[in-house]
Amino acid sequence: MSMKFNDIISTANSNLMRNKGRTLLTVLAIFIGSFTIILNVAINTGVNSFIDKQVESVGGEGYLDVAPAAMISQMEAMGSSEPQEYLPEENSSAVQSISEETIKKTEEIPGVTSVDPFRMISAEYITSSNTDKRFKLDIQGMGTDKIHLDIAEGRSPSADNPESEIALLPNFATALGFSSDADAIGKTITLAIKNRATGKLSNIEATVVGIQAPSVISMGRTWISQHLHEEVFKMMNVGVPAEIANLTMALGVDFDPEIASEDEVKQALEEIDLIGLSVADEIGMVKTFFDIILIVFSIFGGIALLAASIGIINTLFMSVQERTREIGLMKAMGLSSAQVFLSFSFEAISLGFWGSALGIGVSILVGSAANSIFHGPGMFLEDFPTFNLVEFTFQNCAIIALIIMFIAFLAGTLPARRAAKQNPIDALRYE
Amino acid sequence: MTEVIGTKNLHKTYGKREKFEALRGVDLSIKKGESVAIIGKSGSGKSTLMHILALLDTPTKGLVSIYGENATKLRKNKLNHIRGDQFGFVFQQFFMNSNDSVLNNVILPLKIAGVGKRERRKRALEALKTVELIDKAKNKGNDLSGGQKQRVCIARAIVNNPDIIFADEPTGNLDSATGATIEKLLFGLNKDKGITLIVVTHDADIAKKCDRQIYISDGKVVNKPDENLTEKKVEES
């Protein structure tokens, strides 16, 4: 003799349907909280999976961008308005460059296979024989073959071969007068380089070997072969004193991950006042920005859920009050306190279920609408067709729904306890 | 005849500081198949007595036996089972869910008892046939008259084939004609099905129709009818 489980559930649901307006409002309150949280998690999933894809495609294992640690501390000190005392040993004006001695020490770090001083280069413009138009661009040499560019057509410029090669950004091929991306491959373009001493422009030619796909890594940089990079550097610095031309601001460090782990190399770099960033670290910075926004919104979602919980408590207390007599009658007929408790708990869980189901449904609609809007012309994801800002997984939705149902259950325990404790005689006397 | 419910030296005290003695030593024995009226004016303790007999309340002192077992020693779960399986309740205020269908109201005790869907529907319809309301099965409780409501409540009380029906002022809210129908129905169940009937009332007419009358005054069983009660009844009629 005990009420069947599905009868308890159907009783709970039909009780909720007795006061549709009140139930709907409570579900709506839960919906607001669950919608915010589910959308947040979906954005987080979207950003993470995009970053993972990027890191995976870029590779970069066994490669670190290295800069003086002092540069970071100087950046940190930038916000300070307090006068800072001059200390001769800090050598403040020189901290931004890396000395020959430090480069040697870097080469001696166990596991390091090569150290390339990073030399800043720039081009004035790019043009081709097909057009009179000239376009601005940022160029960057392939310092290592450990980084893989996202290439839509052709291949990456070489890091080792003594060839002048370039991988154009999307849309550059047609702008430069080629009929298509494929048409540009193997053709020659011209870069104009300004000499740092005289300010005179001179041209250098390069072969298009590839067209880049849009990605976080390229970030508007046009990648060229390491050989071309060195040629450009020479052209820029003809007549410039060597000690100024060769001033090293940063290093590209290759290491063998089987001999020394990334952390070990970073540690060793730190000891000689350098700081190493992997590709994943650099992409991670983008992620931090998203993370902060998402944490803020998650807090809003949490507050909304808290308010919704109070709504659940209130709704169920009213329900207990209204049904005092009925509960008393059912207890007189042999319903146990535990089953009364269960029935009210199911009402709470049911409210949580519908609230989160609604939240999941609406956020999937809003999310896919947002994805297609942001991929539209002129929007910030136009160039990233593979990046879904909002990404839902069944697992995430299920976990969030379960958590919300659990919160609803917790909120429901207060009124459910009151209902369960009711004495049938008092309840039947109640007018 | 075997005893179904009996009490010995039953006491019930309410309140902690200002004590109120609702029952002050009640001894009684109710036999199987009997119809018993518990009569008393309001405040006499008759409702408290019924609650204790129906295992809805526990005595402060004394003994309640149910089918020969000491009820005060039984566990709560067992008490729930006895009430659910062997007792039927009819109240003056009906206590039916007016927004739900007549059939669902009658089904409720079977639902609580965990009877399967098809079986409980069948039995509820049988019970409605007994009270001659089978044509109202689909109606909402709101559509019924007072007498019809009480008949639904009787159907609800008998749907689990109880041994004992507790009726608390079953005709108290009804006019004399419909009251008579309800009385006939209850005494018919007592005679035909052998269901023990315990009627709590202050109405001497319905009490007279019972096999036995137990008069309660000031928390005690008294032999003679309460003077005030009979006088009052005379005045009313």
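Author: Before we start, the radius of gyration here is taken over C-alpha atoms, and the globule rule is 2.2 Å times the number of residues to the power 0.38. You're looking at a predicted model, where local features need pLDDT of at least 70, side-chain atom pairs count only at pLDDT 80 or more, and totals for chains, interfaces and linings use all residues. Residues are numbered from 1 along each chain, chains are lettered from A and ligands numbered from 1 as written, and side-chain values use heavy atoms, without hydrogens and water.

Reader: What radius of gyration does chain B have?

Author: Chain B has 237 residues, so a compact globule would come out near 18 Å. The chain agrees with that, at 18 Å.

Reader: What share of chain B's residues count as buried?

Author: Buried means under 20% relative accessible area, with exposed over 50% and partly exposed in between (1.4 Å probe, protein chains only). Of the 237 residues, the buried share is 53%.

Reader: Which kind of aromatic pair do B:Phe87 and B:Phe166 form?

Author: Rings of Phe, Tyr and Trp (its six-membered ring) pair if their centres lie within 6.5 Å; planes under 30 degrees apart are stacked, over 60 edge-to-face, the rest tilted. These two sit 5.0 Å centre to centre with 65° between the planes, which makes the pair edge-to-face.

Reader: How many residues apart in sequence are the parts this pair ties together?

Author: B:Phe87 lies in strand S6 (residues 87–91) and B:Phe166 in strand S7 (residues 164–168). Strands are DSSP runs of E, at least two residues, numbered from the N terminus. So the pair ties together parts whose separation in residues is 79.

How values were computed:
Helix = DSSP H or I, 4+ residues; strand = E, 2+ residues; numbered from the N terminus.
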